[in-house]
Amino acid sequence: MEAAIFDMDGLLADTEPLWHEVECAAYAEVGLHVTAQECMQTMGMRVDEAVGYWFARSPWAGVTPAVLSVRIVDRMVDAISTRTEPMPGAIDLIARVRARGWSVALASSSPYAIIDAVVTRCGFLDAFEVIHSAQDEDYGKPHPAIYLTAAAKLGVAPTACVALEDSVNGMVAAKAARMGCIAVPMPEARSDPRWALADVVVESLADVDDACLDALS
């Protein structure tokens, strides 16, 4: 392997509880009751695609999906600025991957406004050679475009990259891009049989040791 490409939300930064809180509140404002558990159906997707997912199933009047998407992003940026911390093992793993001589990128479904907020809050400002958002792609995860573009920006073949993901949508995107994949599912999602698609499944980034990385090399 020559590169590691990290997802962000829920993997490097503890933002998933904030996403569930903000999304559920926003949907409630347009009369749609979505639980935190149901929000996991769109975990890893772009904000506009997640909102579109729910609008297609239960259309609402008044606020357009585009306006609601902007509202969610703005609220997430505010929440992240005071309520987000790095996930256990995140900073150490990035350092160990770089020490191997691998290139390192961030590939997130979140728009750049949220990425910037997380990177600043969590101290990742100098961690990545490439930061790429699905905001720049026609389609977000589970489409592989975000990973293919991140690899191209690094100048590394997709087959020489390992992606680290915490969502099924992200894992599918990584595997469709022909990358190795280390999956770190949330506790409530670990029983999902689809994680069998990943090359390695661990409970925390702190569990990604040299043996895990060697197995993918």
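Predicted model: local features only at pLDDT ≥ 70, side-chain atom pairs only at ≥ 80, totals over all residues.

**Entry 1: the cavity**

I sorted the lining of the largest cavity by class and got 6 nonpolar, 7 polar and 5 charged residues. For the record, nonpolar covers Ala, Val, Leu, Ile, Met, Phe, Trp, Tyr, Cys and Pro, charged covers Asp, Glu, Lys and Arg, and the others, Gly among them, go down as polar.

Residues are numbered from 1 along each chain as its sequence is written, and side-chain values use heavy atoms, with hydrogens and water left out.

How many cavities of 30 Å³ or more are there? I get 1. A cavity here is a set of points on a 1 Å grid over the protein atoms alone where a 1.4 Å probe fits but cannot get out, and lining residues have an atom within 4 Å of a point. Grid points are joined across faces, edges and corners, and the volume is the space filled by probe spheres set on the points. The largest cavity holds about 200 Å³.

I count 18 lining residues, with Glu-16, Trp-19, Met-43, Gly-44 and Met-45 nearest the centre. Helix 1 and helix 3 (47-57) are the elements that give two or more residues to this lining. Helix 1 gives the most, with 4 residues. Helices are DSSP runs (H or I, at least four residues) and strands likewise (E, at least two), numbered from the N terminus. Domain 1 (3-14 + 85-215) and domain 2 (15-83) each supply at least three lining residues; those bounds come from an automatic or database domain assignment.

**Entry 2: salt bridges**

My rule was a side-chain nitrogen of Lys or Arg within 4 Å of a carboxyl oxygen of Asp or Glu. That gave 14 salt bridges.

I looked at Glu-29 and Arg-71, whose side chains meet at 3.1 Å, N to O. Glu-29 sits in helix 1 (residues 16-29) and Arg-71 in helix 4 (residues 65-83), 42 residues apart.

Next I checked Arg-96 and Asp-210, a salt bridge at 3.4 Å, N to O. Arg-96 is in helix 5 (residues 90-99) and Asp-210 in helix 9 (residues 210-216), so the pair ties together parts 114 residues apart in sequence.

Conventions. 1 Å grid on protein atoms, 1.4 Å probe; cavity = no way out; pocket = protein on both sides within 12 Å on 5 of 7 lines; lining within 4 Å.
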